[in-house]
Amino acid sequence: MTMKQAFRKTLALGALALAVTASPLLAQESVATLRGGTPLAENASPPPIAPVKNTDLRQVRNYPEQPPLIPHKIDGYQIDRNANQCLTCHSRTAVEISQAPMVSITHFMSRDNQFLASVTPRRYFCNQCHVPQGQTRDLVENGFVDIDQVLEYVSGQEDN
Amino acid sequence: MFGFLRRTWGVIKRPSVHYSLGALTMGGFIMGIVFWGGFNTALEVTNTEAFCTSCHEMRDNVFEELKPTIHYSNRSGVRATCPDCHVPHDWTNKIARKMQASKEVWGKIFGTINTREKFLEHRLTLAQNEWSRLEANDSLECRNCHSAESMDITRQSKRASEAHERFLFTGEKTCINCHKGIAHELPDLGQAGLLNGH
């Protein structure tokens, strides 16, 4: 190692050390977080709870595997060992009276792909995946486009 | 026995010797007010939320469960207390219910549900008692406040208005058939044979 090389290495390490020590300071000033401007040691006052869409109209899924949104209020619905109030309308036998969509048949499958007589325990807690849509602004900017738009874009590129 | 009855009847039939007619009628009138007023006051005292929640069985179980529901806290601040749903408002029915409640006094004295475990064990039976009572009286206590005539279904969500048109207005079902578990937690519906609702 020549003198010049050693000097360069020291310089690089020094710059790295500086970057590591300085970055939290920089981050604190420039990175926007969901916390807003409240100092870390204090609690921000939470925003008001947004009302949920209660239109009873089914929403488009952004991708086929998306758990469908719940298009109605679910305040106080009991889902526990004793009762599942979602299933009082959405179970296989209840839909004739309720005219609600039946729980997907995939929810009857055990993890070994065996169909059970009723909803499997791993799919029992509906709101692990299904949620109502809050009437609120996006917290962060979201540039998501669905597959149809991607395909359209690709075919547009090919045409040119 | 027969002699005793005859003697009593003799006393009642004979005119009063020491008291004037005025004193007797006024005394009777005043005592009537005192007794009737006292009875009604006592009845009303037992018909308050404070009375119901003075026992830990109600305060720690069902009352706690009521608190997060719409019948306890809501946007307009109107609220239902225990007797609004569990005791008929009409006098005759109220007295009938109060007489049935003597069994609940028995349960209190002998501690039928004096622990959380015992309460959970009895939850299904207790719920079924109330469900069958409300089914039998066409959800009378619900209808003390909620009337089908005043229900503006255009102000309801699509789902709610359709259900009310199909089942409530036709008289096919009564409130409690669909609205179980709105004020307290549901018992094990599998045991109740109600797993699939309605």
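**Note on a predicted two-chain model**

1. Asp138(B) sits in the loop between helix 8 (116-136) and helix 9 (140-143) of chain B. Its phi is near 55°, a positive value in a residue other than glycine. Most residues other than glycine have a negative phi.

2. Asn113(A) can be read alongside it. Phi of Asn113(A) is near 60°, again a positive value in a residue that is not glycine. Asn113(A) lies in the loop of chain A between helix 3 (95-98) and helix 4 (147-159). Asn113(A) is exposed, since 7 other C-beta atoms are found within 10 Å.

3. On confidence, the overall scores are ipTM 0.76 and pTM 0.76. Chain B averages a pLDDT of 91, and 98% of its residues score at least 70. Chain A averages a pLDDT of 83, with 79% of the residues at 70 or above. Among the elements of chain A, helix 1 (residues 3-30) has the lowest mean pLDDT, 55. Helix 2 (residues 87-90) of chain A has the highest, 93. Where pLDDT is low, the predicted coordinates should not be read in detail.

4. Chain A has 4 helices and 0 strands. Read along the sequence, the pattern of chain A is α-α-α-α. Of its 160 residues, 8% count as buried. For contacts in chain A between residues at least 6 apart in sequence, 44% join residues at least 24 apart.

5. Where is the largest nonpolar core, and which residues form it? The core has 5 residues: Cys86(A), Leu87(A), Val103(A), Val119(A) and Cys126(A). Val119(A) touches two other members of this core, Leu87(A) and Val103(A). Val119(A) also touches His107(A), Phe108(A) and Tyr124(A); residues up to four places away in sequence are not counted here.

6. The loop between helix 3 and helix 4 of chain A also holds Ser104(A). Is Ser104(A) exposed or partly exposed? Ser104(A) is partly exposed, because 13 other C-beta atoms lie within 10 Å, and the limit for exposed is 12 or fewer. The C-alpha atoms of Ser104(A) and His130(A) are separated by 12 Å, and the two residues are 26 residues apart along the chain.

7. Asp138(A) lies in the loop between helix 3 and helix 4 of chain A. Asp138(A) is exposed, because 6 other C-beta atoms are within 10 Å. How far apart are the C-alpha atoms of Asp138(A) and Val119(A)? They are separated by 33 Å, for residues 19 apart along the chain.

8. Chain B has 11 helices and 0 strands. From the N terminus on, the elements of chain B run α-α-α-α-α-α-α-α-α-α-α. Of the 198 residues of chain B, 10% count as buried. Residues 24 or more positions apart account for 58% of the chain B contacts that have a separation of 6 or more.

9. The dimensions of chain B deserve a comment. A compact globule of 198 residues would have a radius of gyration near 16 Å, but chain B has 24 Å. Taken along the principal axes, the C-alpha atoms of chain B fill a box of roughly 75 × 40 × 35 Å.

10. Helix 1 of chain B is hardly covered: of its 12 residues, the count that are buried is 0.

Terms used: Residues numbered from 1 in each chain as written. Chains lettered and ligands numbered in written order. Predicted model: local features only at pLDDT ≥ 70, side-chain atom pairs only at ≥ 80, totals over all residues. Helix = DSSP H or I, 4+ residues; strand = E, 2+ residues; numbered from the N terminus. Buried ≥ 20, exposed ≤ 12 C-beta atoms within 10 Å, placed from the backbone. Contact = placed C-beta atoms within 7 Å. Core = buried A, V, L, I, M, F, W, Y, C linked by C-beta atoms within 7 Å. Rg over C-alpha atoms; globule rule 2.2 N^0.38 Å. pLDDT = per-residue confidence, 0-100.
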